[in-house]
Amino acid sequence: MLSRLDLQKMKHNKQKISMITAYDYPSAKVVEEADVDMILVGDSLGMVVLGYASTVQVTVDDMVHHAKAVKRGAPDTFMVVDMPFMSYHISLEDSLANAQKIFQQTDAQAIKIEGASTEALLLTERLSEAGIPVVAHLGLTPQSVHVLGGYKVQGNDSEAAEKLLQDAKAIAERGAIALVLECVPKELASIITNALTIPTIGIGAGINCDGQVLVYHDILQYGVSRVPKFVKTYADYNSTGIEGIRSYVSEVRQESFPKDEHSFTIKNADFLPTD
Ligand code: KIV
Ligand code: NA
């Protein structure tokens, strides 16, 4: 498994970091088999796995439940787990307890929090001191979608761009081990990447980030119908899945499944009950 220092080294050596989300045992197995560098158990699971309209319904218990399954499927891959909506805003004590629960119970390598508010900065410092590595997340932070007013590109004017750069520096200073940058113009992502010693992992943030992250279901077109502009789809599970299941349904109806090769036969017919 990669360590925090390996990630640092990859940035230094300009070796790109690949990250993808996973949410359960089979997706984790597939991702580890495909040799990805890091797994994110994202709170995007609320949308792509649980069918909610946003990530704000996801709970700490949801994250723990899913991340434990991911760990069983990908025991040898660096796993980052999202802290969900409002699980790190009520009080520092509650935030620390929630982070501890997620980190300890799931055997994660790091937790991820959104934003660079005063609370987020303090929490990052306290968790880092306590030995819980923190991945930061800036730009479009989906847990704040109702405040941001939609899923939109961030850091588009000079004031917002400057704030994003300062936030990135501040969260890195407090000990964050990596920074996810979501929906940021590629020129700005590039400046932030150059300004930091920790790796940036982009999603809709252009080629110059130190790594890239995408959502499993988006990459594979698995249960999603529309994907954002920044997604590239590499497979079409929806089509192959529907095709496969249609064939099964039709073979059941036509009695061409199961065949003898899928059936058991009895050796001694004398054992059969008589009716
Ligand atoms: O929850 C998630 O999948 C994420 C990524 C989009 C970065 O936070
Ligand atoms: Na997330």
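Tutor: Gladly! This is a predicted model, and in it helix α2 (residues 25–33) packs with helix α4 (residues 60–73) at about 40°, the axes being 7 Å apart.

Student: Which residues of α2 and α4 meet?

Tutor: From α2 come Tyr25, Pro26, Ala28, Lys29 and Glu32, and from α4 Ala69, Val70, Arg72 and Gly73. By class, this contact has 5 nonpolar, 1 polar and 3 charged residues.

Student: What makes Lys14 count as exposed?

Tutor: Lys14 has 7 C-beta neighbours inside 10 Å, and a residue is exposed if the number is 12 or fewer. Therefore Lys14 counts as exposed. Lys14 sits in the loop between α1 (4–12) and β1 (17–21), and has a positive phi of about 55° although it is not a glycine.

Student: And how do you know that Asp35 counts as exposed?

Tutor: By the same cut-off of 12 or fewer: Asp35 has 8 C-beta neighbours inside 10 Å, so it counts as exposed. Asp35 is placed in the loop between α2 and β2 (38–41), with a positive phi near 70°.

Student: What is the peptide bond from Phe257 to Pro258, cis or trans?

Tutor: That bond is cis, with omega near -5°. Pro258 lies in the segment after α11 (237–254).

Terms used
Residues numbered from 1 in each chain as written. Chains lettered and ligands numbered in written order. Predicted model: local features only at pLDDT ≥ 70, side-chain atom pairs only at ≥ 80, totals over all residues. Axes fitted to C-alpha atoms, helices over the stretch in contact; angles between N-to-C directions. Helix = DSSP H or I, 4+ residues; strand = E, 2+ residues; numbered from the N terminus. Contact = placed C-beta atoms within 7 Å. Nonpolar A, V, L, I, M, F, W, Y, C, P; charged D, E, K, R; others polar. Buried ≥ 20, exposed ≤ 12 C-beta atoms within 10 Å, placed from the backbone.
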